[in-house]
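Here's a quick briefing to read with the model open beside you. Have a look at the structure first, then we'll go through a few spots.

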Amino acid sequence: MSKFLKKIKKALVIGIGGGADIVGTIPMKSYLEEHGIQCLLGGLPWERYSIDPYPGPRSFDEIQKKKKFNESICFINNKTITKDGLQFSESKVANFVKNKIIFINIFNSIRQIAADLNEFIKDQEINYVVGVDVGGDVLAIGDEEGLASPLADSIMLNVLKILEAKCLTHLGVLGYGSDGELKINEINKCMAIASSKKGLVGSVGLSVDAYKTMKKIIKKVETDASRIPLLSFEGSYGNHPIRRGRIQVEVHPMSQITFLFKPIVVFKNLSKPSQLISKSKSFYESNEILLTNSISSEFNYEVRKHMEATSLKNKE
């Protein structure tokens with residue numbers, strides 16, 4: 001780890017799964033800053049349905065108090081909200097960090113997102129990119145029974161894979177099952193496959209400073225998966241309820257470690273969802289491809305929940 005850090009001056013750390021994955025960027029941010037590396041943070045304008053009863057990500061047109069860089073990138077701050085008043089997790093995180101924060105528009109084609117992000121990192125003189133997934137479902141092969149939210153991860157893994165050819169880029173996984181989608185033995189299997197293909201490049205632990213920052217953030221940002229690493233750091237061990245008690249996840253020492261992978265190795269050897277959508281021209285096309293291949297998505301879940309809620313409201 002320390003060898004390649006010597007060449008890095010500025011990094012972009014992105015929460016790639018939407019929701020509160022931005023919280024999971026803090027350990028990596030803290031680690032890089034301890035080594036004198038300036039960091040920007042990034043995320044997706046997509047909250048969980050329990051927070052935003054609007055299916056899918058929010059488009060840039062719906063977002064107020066932002067500074068647009070290009071069609072796929074905009075700067076945001078602690079006052080950034082939607083036109084209907086939703087405050088994003090990223091906006092809340094901005095109250096606790098001094099770093100600049102960006103949103104990534106995943107409605108565009110994968111190639112456009114990658115090209116726009118590449119334009120951004122060149123403009124900002126960034127020479128290291130890390131995309132962080134909290135929980136580990138980005139490592140999924142695609143046939144796991146509990147896999148529920150592969151869409152955003154698959155889009156962003158494709159983007160990271162393209163960026164990898166232009167800039168030092170890694171995929172980070174924090175939480176080791178903390179989102180309740182992949183079982184521990186499934187993550188173990190995927191980790192082993194990636195490692196056997198020389199795709200695991202290192203790991204970063206949770207520092208005291210990162211812990212303190214995350215502890216403050218989760219008082220304002222609703223998150224289950226990013227809370228598990230903190231419980232692990234505090235010494236908790238065993239099963240813990242998430243998703244308002246619907247799911248039990250295991251808290252263990254590995255929960256507080258961010259593992260770093262080569263995106264191309266994960267793409268080629270593990271992620272069937274990412275492979276399927278690699279030539280997709282839009283968010284909606286990516287979703288349809290997954291559904292056609294019997295892989296459910298978080299967007300499809302949110303659309304279904306929205307239709308159910310609308311139906312009940314109309315009956316009233």
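At roughly what angle do the axes of helix H4 and helix H5 cross? They cross at roughly 50° and come within 9 Å. Keep in mind that this is a predicted model.

**The H4/H5 pair**
- H4 covers residues 110-123, and H5 covers residues 150-163.
- With angles of 65 to 115 degrees counted as roughly perpendicular and those under 35 as roughly parallel, H4 and H5 are therefore oblique to each other.
- Their crossing is right-handed.
- On the H4 side, the contact is made by Ile 110, Arg 111, Ile 113, Ala 114, Leu 117, Asn 118 and Ile 121.
- Facing them from H5 are Ile 155, Asn 158, Val 159, Ile 162 and Leu 163.
- Sorted by type, the residues of this contact come out as nine nonpolar, two polar and one charged.

**The E11/E12 hairpin**
- Strand E11 (residues 238-242) pairs with strand E12 (residues 247-251) in the antiparallel sense, over five bridges.
- Ile 242 has Ile 247 in E12 as its bridge partner.
- Four residues sit between the two strands of this hairpin, and Arg 243 in the turn has a positive phi of about 50°.

**Helix H2 and what follows**
- H2 (residues 26-34) is mostly covered, with seven of its nine residues buried.
- Those buried residues are Ile 26, Pro 27, Met 28, Lys 29, Ser 30, Tyr 31 and Leu 32.
- After H2 comes Gly 36, which has a positive phi near 80°.

Technical notes: Residues numbered from 1 in each chain as written. Predicted model: local features only at pLDDT ≥ 70, side-chain atom pairs only at ≥ 80, totals over all residues. Heavy atoms only, no water. Axes fitted to C-alpha atoms, helices over the stretch in contact; angles between N-to-C directions. Parallel < 35°, antiparallel > 145°, perpendicular 65-115°, else oblique. Left-handed = near helix turned anticlockwise from the far one by under 90°. Contact = heavy atoms within 4.5 Å. Nonpolar A, V, L, I, M, F, W, Y, C, P; charged D, E, K, R; others polar. Pairing = 2+ DSSP bridges. Buried < 20%, exposed > 50% of the residue type's maximum accessible area, 1.4 Å probe, protein only.
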